[in-house]
Amino acid sequence: MQLLQILNDVLAEIDPKQAMDIREEMPEQTVKRMCVLLGMLKYRPPGNLSDVSTFRQGLVTGSKPVVHPILHWLLQRVHELKKRAYLARFLVKLEVPAEFLQDDVINDTYHQYEELVEGFKTYHKECEQLRTSGFSTAEIRRDISAMEEEKDQLIKRVERLKKRVESVSNHQRMLEQARQLRVEKEREESLTHQKQEQKNQLFQAEQRLQRSQQQLKDLQQAAADANPESLMKRLEEEIKINSYMVSEKLPKELEGMRRTVQYLQKVASEPAMGQADLQELEDKIKEADSQINQLIERKMMRNDPMDDKLTLYRQQASIIIRRKESKAEELQEAREELAAADRELRQRSSQAQASDGAEVIRGDELKRLVVKLRSKGTVYKKKRQEIAELKAEYGVLQRTEEILKERHETVQQKLQTVEAEKGISGYSDTQEELERVSAIKSELDEKKGRTLDDMSEMVKKLNSMIVEKKSALAPIIKELRSLRQRCQELSQEYEEKKVQYESCAAGLESNRSKLEQEVKALREETAQEENQYHHINSMSEIIEMQIQRAADEMKAYVSSDPQERKKAIREVYMKNISEQELLGKKLREKQKMVRESHSANMEQMKMWRDLEQLMECKRQCFIRAQSQASIGQVIQEGGEDRLVL
């Protein structure tokens, strides 16, 4: 229990919501809460605890092999896990069943929730970037304080200068002249800036003039190469394309968009549909599909050769229309790409011409720049040659160092062989070590001499304190011995009870897990059986309805009563087919008449439009003549005389 409380405290340090006393909570709830948080923190148990039931059982009992790895993993990455727990509160999405998402209100709310989660991600990334960008409030405060100190210093300097200047004669006149000088300098800077802007504007105007001249040359060349017939042909093609776009393509697109908007408004205005409504719509769709298939089969059985020829022409016309629409779309896309390319070209040219007020390099400046680059190239070659010489010298020095090291090693080896021959191998090393040790020993002796007296006094004080503490702790130690014996007895009894409890809890947990698995399997089997039962029941009802409809249809079709036969679906559809065929025939005749009279009607409409313009022109002329005739006349209206000039 104590180990589980420690684990819970560590988890509460990571996520403050976990702060609670586990003695006031059921063990199952504690384990479930810890498992959810560990899963959210992406903790993976060791290889020997990969089984979920074993891991949960170890958490319930507070087993050390289960809890200690968790504590080790948590304490190693507390800061990272705090951040992960904070983000999990907002980024772990709620699981909503699919059947609930069929409701429009719930679906819209869920989409808003997903958009808020995405917005939180972007804001968190921006916050992290600002934190890691190097700008901190402490630095800004330091800068502000430094600026305030500089401001105070400047104020003091200004006051000192004022006091110093007041003692000078004619200081007011000198201050006025300094003020005028500053004003003139500011004016000079503004004039320089205006001069630079005017230079940039002049350069841009020259560039525009060059572009206009180039366009004029291109147009002149195109006009020189072309004849009037080709120009007229090109203009006619452009007029045909534009008239097709205006009269056919764009109205179709606009009408399609309007229909889409109307359909969406209709869908939005309708109430939410349930499963029964959807099933009813699906049944209607199936019935309509079956009726359409029957009509198609009847039409194919008729197999009129005249209709076959017309279908061929219709297919060719539809193919031509589709090609025409696709080419119009390609032309529209090409025009948009050309306009975007022109905009980008103008933008790039303006950026190249007047970015930061810098001028574009011209011919003379380019030549001077080339000469400067050549001179720098010669200097670069000289420096490169010097670097090569220094590298060669460095290589020689490095080789000399290696030779000296080899000689030193040979001398050391010879010295070791001589020492071995004389029977004093390691003498030189020992001598160096002895010298170093003697130096260290002398230093330590000096330190010991200084600290011996202090240590003796400290030892005396410590001995006296120990004696006092022993005399004070003697009765407490006697009492502690009896308490220790009592503690050993209680701990032994606790261990026995703990073993019994753990074995009992483990057995109950294993039985509970088995029962839960069996209940889960039985519930799934029950749900499957219920689904199958409802499906079979609904299918049987559908089949019965279809059989009943077929029987009613057969009864009405076989009946000798003509009124009853008219109620049959076959007769109704045959009547509808005949009516639609008559209607189609009338529409085709009407279409033929419209096509034949189209050109004459268009000419008549053009004549009426010209007549309307002529009448409008006459009306304007009449109004203008009346206004001119009334100048300088006396007009009497409502008992008043007015002179119009």
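## Charges along a helical chain

Asp and Glu count as negative here and Lys and Arg as positive, with His and the chain ends not counted. A patch takes residues with over 30% relative accessible area and no salt bridge, and like charges are joined within 9 Å. Glu-148 sits in helix 7, which covers residues 137-166, and is partly exposed at 48% relative accessible area. Partly exposed lies between buried (under 20%) and exposed (over 50%), using a 1.4 Å probe and protein chains only.

Helix 7 is also the place of Lys-156. Lys-156 gathers with Arg-157, Arg-160 and Arg-164 in a surface patch of positive charge.

A word on the model itself: it is predicted, so local features need pLDDT of at least 70 and side-chain atom pairs count only at pLDDT 80 or more, while totals for chains, interfaces and linings use all residues. Residues are numbered from 1 along each chain as its sequence is written, and side-chain values use heavy atoms, leaving out hydrogens and water.

Stepping back, the protein chain has 16 helices and two strands; these are DSSP runs (H or I of at least four residues for helices, E of at least two for strands), numbered from the N terminus. Of its 645 residues, 9% count as buried. Among contacts in the chain with a separation of 6 or more, 54% are between residues 24 or more positions apart, a contact being heavy atoms within 4.5 Å.

Now to the salt bridges, of which the whole structure holds 12. Each has a side-chain nitrogen of Lys or Arg within 4 Å of a carboxyl oxygen of Asp or Glu. One of them joins Arg-179 and Glu-176, at 2.7 Å from N to O. Both residues lie in helix 8 (residues 171-225), three residues apart, or about one turn of the helix.

Which residue forms a salt bridge with Glu-287? The partner is Arg-549, with the closest N and O atoms 2.9 Å apart. This pair links distant parts of the chain, 262 residues apart, with Glu-287 in helix 10 (residues 275-302) and Arg-549 in helix 13 (residues 427-558). Glu-287 is partly exposed at 33%, as is Arg-549 at 41%. Finally, Glu-509, Arg-512 and Glu-516 are linked in a salt-bridge network.

How values were computed
Patches are made of residues with over 30% relative accessible area and no salt bridge: like charges are joined within 9 Å, nonpolar side chains (Val, Leu, Ile, Met, Phe, Trp, Tyr) within 5 Å. Accessible areas come from the Shrake-Rupley method with a 1.4 Å probe; for residues, only the protein chains shown count as cover. The place of a charge is taken as NZ of Lys, CZ of Arg, CG of Asp or CD of Glu.
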